[in-house]
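Here are my notebook entries from a walk through this structure.

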Amino acid sequence: MMALNAMQIFMQLPKTNCGKCGFPTCLAFAMQLANQKTSLDSCPDISDAGRGALEGAAAPPIKKVKFGPAGAEVEIGDETEMFRHDKKFFHPTLLCQVISDDDGDLEGKASKAKDYEFDRIGQVMNLDTVAVRASGDVGKFKESAEKVNSLAGKPMILMADDAGTIEGAARSLASARPLLYRATQDNWEAMAGLAAELKLPLVVYCEDLNGLAELSDKVKGKGVGDIVLDFGPTKLGDALRNLTILRRSAIKKKFRPFGFPVLLETSATDPGLMGALGVAKYASIVLFESVPVSTIYPIMTLRQNIYTDPQKPLQMEAKVYDISGPTNENSPLMLTTNFSLTYFIVRGDIEKSKIPSKLLVVDTEGLSVMTAFAAEKLTAEGVAAFIKKLGLEESVAQKSIIIPGQIARMSGSLEEESGWKVIVGPRDSSGLPKFLKTQTS
Amino acid sequence: MVFEIPKEKWSGSIREITLGATKEEGGTRTSKVIIGGSSALPYLNFEGSAGRKAALFMDVLDTLPVDFPSVVKEEFGDAINDPVSWAKKCVEFGAEGICLKLVSTNPEGEGVGNEDAVNTLKGVLGAVGVPLIVYGSGHFDNDTKLMEMVSEAGKGERLLLGSAEEDWYKSIAVASMANGHRVIGFSNIDINLAKQIVILLKDFGIDLNNIVMDPLQAALGVGLEYSYSIIERIRLAALMGDNLLQAPIICDLSLAWGAPDVNEGDRLGDPVKRGIEWEADTGMSALVAGAELLVVRSPSVLRKMKQAVDELYPGGDE
Ligand code: B12
Ligand code: SF4
């Protein structure tokens, strides 16, 4: 977001120092506003021109658009970066399954949408939205959309190329706040009229970017505030170029017609590759015609990777975790790091052994075992001190600890520092179930 | 409406590097591969040249590790038990080059002799006409001897030798210079280290035009985001004019198969397709970040990456 400084704000204020805003001077008010401590509404005397200038400059380069029922809505847009390393990407790409209203398995597909839920390193990954596409029959479309809405229970996209077809479903489901798809050069007046009336967000489509800019402006002029841009199905190269141009125009040029999230279609190429491209390069919604888990799960994982905050690896609290049910003082104790990925992999492997175990997670600033060891964030001194601090000699009878095989080199020094017995475990935690059985038998 | 494509002005470009040498050039390859040459962010030909098409090599190991993915074994069938047949199969599948990993030479592992490994190399060179990348086992002491032999055996072939690291670069640099080979500078997901290894090689006497950079491609779900951002940052610095970072980038996708999710049975969908998508998505992210040479493991992924490169490359969309 292009933030204004106090001086730039001050220039637009009445400069009468009347104090109605609650601050003694216009400059004091400007300073508070620059720090986002007050709102522009507090000054009753600002001119329309001044307000316009300030609001325009302060608006985010890409508008945040929400859809879906209150409480379960999804948010897209409001991005500020071209590259995730500059800060981070904020609103993860939504993955959407398209179901045609004449699909023989419409109900099955709609009900199954809920099953796409995976717990990966402590985060839930979902198929976020479901779309219903009209095949022609108005009545059927409305009926199918209602059915999908109740069965899938997800934010929806209603897809039809004319307002007449979409209207019945849109009115009937208005309270579930679906995203309407789509205004085209032919239908935009009617579509925009409907979206404005029902206050629903609207996809604006044109294959050509000049046309898309024009249409976006026209639709906005009709009173539609929430727009999603769509350049239609393309091959990978054009998708990458178009997505980059739209994002750059919005962020670097503040080109308003493109200041909206973008929807990406996958039907003209390999959907898995297009999905991966969209997640990495700026798509806010990706439409899939079919969603085999073997395709979608990797894309969800990529999304999790790309949208992680580059400054903060996902981390666990450093402490002792009980795994596979309540433990006692004779349960085995194992060591790992607080990198979420490491923790969840090791945890999963211990669970497979079904042996109630204690897992000591040490603070390595979110680094994996090998990385932390190489960076000296996982040291014998550190581990020994943590064992002492937690008072583990009280709760672990055998006074021994199993360490990852990758850091076997640490075993001697850790024995010395802690006075505990150190057992070197397998290099990969997948070997733990077998290993633990031999240990406890 | 006046809409202008927002273009970035770049002062730098990526060096072009040729792998493989034909008969006229003193080698025996029937095809060559040229990588690099772009002067814009990946595939953004509206602001500069998209350069050469990214090249797709396939990896061939001289001995199969126990954890080698069964999906890929099945795709290759019996051929996978013999590196020469394996390499031939790769070329049939459409690989533009072979990445031969002489892992058997690790004295702490199988400890097969270097002579046997070099014979494998000669066999592969004789059986296929495409350019080769050759790696040792990662055991520095042995690789020092091995790479000298590899360099001799591949004399004139313009091999790409892997890989120089901060702690071990002199012997491979010598092996590369001795017989006109190219060399990979490896670093550990860190832009400064990526630059550091190039500086070490350059100061040692290697021509910058002979260096390919490997910033370590982590697998999807296992640190991919770090690799992705480092490649993007390296590419941006190169385009902004940092001469030392203007080397083409190689990404080895084989690590993808080590991600725990790949070995999860069928809880997460068809395990065969999932493994393939796992490698393909790792590759797709590498391509859009800036990689120009991919080492692919599965034939199905090769097909997908071929489609990706053909579609991404300007003029290739059809
Ligand atoms: C992503 C990555 C990074 C990321 C960090 C990611 C993170 N948050 O940790 C970044 C880019 C920051 C990074 C940096 C570095 N890295 Co790094 N990195 C990797 C990479 C690609 C993946 C690591 C990973 O996430 N692994 C997955 C997790 C789950 O693995 P894990 O924690 O080890 O857990 C496994 C086992 O240890 C075991 N296990 C874990 N806990 C337990 C517990 C028990 C009881 C048992 C039995 C087993 C067990 O099972 C787990 C599953 O297999 C690896 C290469 C690779 N493919 O492994 C290199 C790697 C780990 N890095 C390495 C190095 C050297 C570094 C640096 C020191 C480089 C440098 N000089 O700057 C820096 C140090 C960081 C710093 N100074 O801040 C080396 C380590 C070499 C060594 N043998 O010591 C590796 C192996 C790469 C290499 N081949 O050279 N790295
Ligand atoms: S209310 Fe407006 S005009 Fe009055 S002091 Fe505050 S900023 Fe200035």
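Predicted model: local features only at pLDDT ≥ 70, side-chain atom pairs only at ≥ 80, totals over all residues.

**Entry 1, the interface.** I looked up the interface first: chain A and chain B bury about 4200 Å² between them, and carbon and sulfur atoms give 63% of that area. Buried area here is the accessible area, with a 1.4 Å probe, that two parts lose on being put together, summed over both. I noted that the contact takes 49 residues from chain A and 49 residues from chain B, where contact means heavy atoms within 4.5 Å. A:Arg241, A:Arg248 and A:Leu273 supply 16% of the area that chain A buries against chain B, more than any other three residues.

Residues are numbered from 1 along each chain as its sequence is written, chains are lettered from A and ligands numbered from 1 in the order in which they are written, and side-chain values use heavy atoms, leaving out hydrogens and water.

At what angle do H11(A) and H7(B) pack? I found about 60°, with the axes of helix H11 (residues 293-306) of chain A and helix H7 (residues 224-239) of chain B 8 Å apart. Helices (H or I, at least four residues) and strands (E, at least two) are DSSP runs, numbered from the N terminus. Axes are lines fitted to C-alpha atoms, for helices over the stretch in contact, and angles run from 0 to 180 degrees between N-to-C directions. H11(A) and H7(B) are therefore oblique to each other; angles under 35 degrees count as roughly parallel, over 145 as roughly antiparallel, 65 to 115 as roughly perpendicular and the rest as oblique. I wrote down A:Leu302, A:Asn305 and A:Ile306 from H11(A), and B:Leu224, B:Glu225 and B:Tyr228 from H7(B), as the residues that make the contact. By class they are 4 nonpolar, 1 polar and 1 charged. For the classes, Ala, Val, Leu, Ile, Met, Phe, Trp, Tyr, Cys and Pro count as nonpolar, Asp, Glu, Lys and Arg as charged, and the others, Gly among them, as polar.

I then followed H4(B) to its partners. The axes of helix H3 (residues 114-127) and helix H4 (residues 140-153) of chain B come within 10 Å and cross at roughly 35°. Their contact includes B:Leu121 and B:Leu125 of H3(B) and B:Met149 and B:Val150 of H4(B), and its residues divide into 8 nonpolar, 2 polar and 3 charged. H4(B) also packs with helix H5 (residues 170-178) of chain B at about 5°, the axes 9 Å apart. That makes H4(B) roughly parallel to H5(B). Among the residues in this contact are B:Met147 of H4(B) and B:Ile172 of H5(B).

Which residues are around ligand 2? My list includes A:Cys18, A:Cys21, A:Cys26 and A:Cys43, along with A:Lys20 and A:Phe29; near means a heavy atom within 4 Å. The shell divides into 7 nonpolar, 3 polar and 1 charged.

The peptide bond from A:Tyr181 to A:Arg182 is cis, with omega near 5°, and A:Arg182 sits in strand S8 (residues 179-183) of chain A. Another cis bond runs from B:Gly162 to B:Ser163, with omega near -25°; B:Ser163 is in strand S6 (residues 160-164) of chain B. I also noted a positive phi, near 80°, at A:Tyr282, a residue other than glycine.
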